[in-house]
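Subject: Structure handover

Hello,

Here is the structure I promised to pass on. Please look through it first; my notes follow.

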Amino acid sequence: LPTMRLLVVGRGHSDEVASSARDVAVFARNLHVDGRVGVLTDAGDLSLALAMRQADAVALLSPGEPDLPALGTALVSGAVPIVLGGTGAEDLIEHGISGVLLRTLDPRQLVATLRILDGDPGVRDTMATAARRRAREVYDGDALAAACVKVYRAAHSSRRSISPRARQEIR
């Protein structure tokens with residue numbers, strides 16, 4: 001990582017996340033790039049956002065469901081989000097456009113991704129811009145309001161499943 005700053009985020013309390021974070025920190029130290037690789041496992045949202053703003057790429061590598069607050073923050077941070085695919089993150093990140101979806105936690109795949117991003121700052125900047133644009137689309141107030149109205153209408157139209165008292169409260 002000659003020029004790029006990477007933040008690896010693994011929030012959660014699983015032993016696997018903590019172990020992986022320690023492995024990344026040791027690996028970075030052994031390669032003498034620990035000044036450009038940060039690891040966060042138990043950070044609050046504000047600390048996470050501040051750390052992401054300093055990074056060029058943010059790797060969210062927790063297995064299972066994505067950490068949605070961290071993923072949303074990564075999208076708006078100005079860094080390229082790198083996440084594990086097959087976790088639902090595909091709804092927010094388009095691979096190669098607004099971030100990178102890894103197939104597995106294979107370190108070789110992550111290293112190959114980092115080489116591409118580090119070798120071409122233009123690609124990195126384009127992806128980060130697309131990620132911010134995607135965040136505006138998803139988290140836009142009008143879009144959120146429209147989604148709420150859609151849920152309300154669906155609930156209101158399924159009167160059979162709503163009790164008479166609840167139906168009155170909706171009106």
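Start with Q109. Leaving out residues up to four places away in sequence, Q109 touches L101, L102, R103 and T104. Touching, or contact, means heavy atoms within 4.5 Å. Q109 sits in helix α4. Helices (H or I, at least four residues) and strands (E, at least two) are DSSP runs, numbered from the N terminus. Q109 counts as buried because its relative accessibility is 14%. Buried means under 20% relative accessible area, exposed means over 50%, and partly exposed is in between (1.4 Å probe, protein chains only).

A word on the source. This is a predicted model, where local features need pLDDT of at least 70 and side-chain atom pairs count only at pLDDT 80 or more, while totals for chains, interfaces and linings use all residues. Residues are numbered from 1 along each chain as its sequence is written, and side-chain values use heavy atoms, with hydrogens and water left out.

Now the overall picture. The chain has 7 helices and 5 strands. Along the sequence they run β-α-β-α-β-α-β-β-α-α-α-α. The chain has 171 residues, and 33% of them are buried. Take the contacts between residues at least 6 apart in sequence: 56% of these join residues at least 24 apart.

Next, helix α5. It covers residues 121-139, 19 residues in total. From first C-alpha to last, α5 reaches 27 Å, close to the 27 Å expected at 1.5 Å a residue. That expected span is 1.5 Å times one less than the number of residues.

Which residues of α5 are buried? They are R124, M127, A128, A130, A131 and A135. These residues lie on the same side of α5, because they cover an arc of only 165 degrees around the axis. The arc is that of the directions from the helix axis to the C-beta atoms. On the other side of α5, T126 and R136 are exposed. What do the buried residues of α5 pack against? Their partners are α3 (68-76), β4 (80-84), β5 (100-102) and α4 (107-119).

Look at A128 within α5. A128 counts as buried because its relative accessibility is 4%. Not counting residues up to four places away in sequence, A128 touches G78, A79 and V80. A128 and A79 are 49 residues apart in sequence, yet 5.3 Å apart in space, C-alpha to C-alpha.

Then S77. This residue lies in the loop between α3 and β4. S77 has a relative accessible area of 5%, so it is buried. Neighbours within four places aside, S77 is in contact with M52, R53 and V58. S77 and L50 are 27 residues apart in sequence and 8.6 Å apart in space, C-alpha to C-alpha.

Last, the cavity search. A cavity is a set of points, on a 1 Å grid over the protein atoms alone, where a 1.4 Å probe fits but cannot get out. Searching the whole structure gives 1 cavity of 30 Å³ or more. The largest cavity has a volume of about 100 Å³. Volume here is the space filled by probe spheres set on the points, and grid points are joined across faces, edges and corners. The lining has 11 residues, with L60, L61, S62, P66 and D67 nearest the centre. Lining residues have an atom within 4 Å of a point. By class, 7 are nonpolar, 2 polar and 2 charged. Ala, Val, Leu, Ile, Met, Phe, Trp, Tyr, Cys and Pro count as nonpolar, Asp, Glu, Lys and Arg as charged, and the others, Gly among them, as polar.

Best wishes

How values were computed: On a 1 Å grid over the protein atoms alone, a cavity is a set of points where a 1.4 Å probe fits but cannot get out, and a pocket is an open set with protein on both sides within 12 Å along at least five of seven lines; lining residues have an atom within 4 Å of a point.
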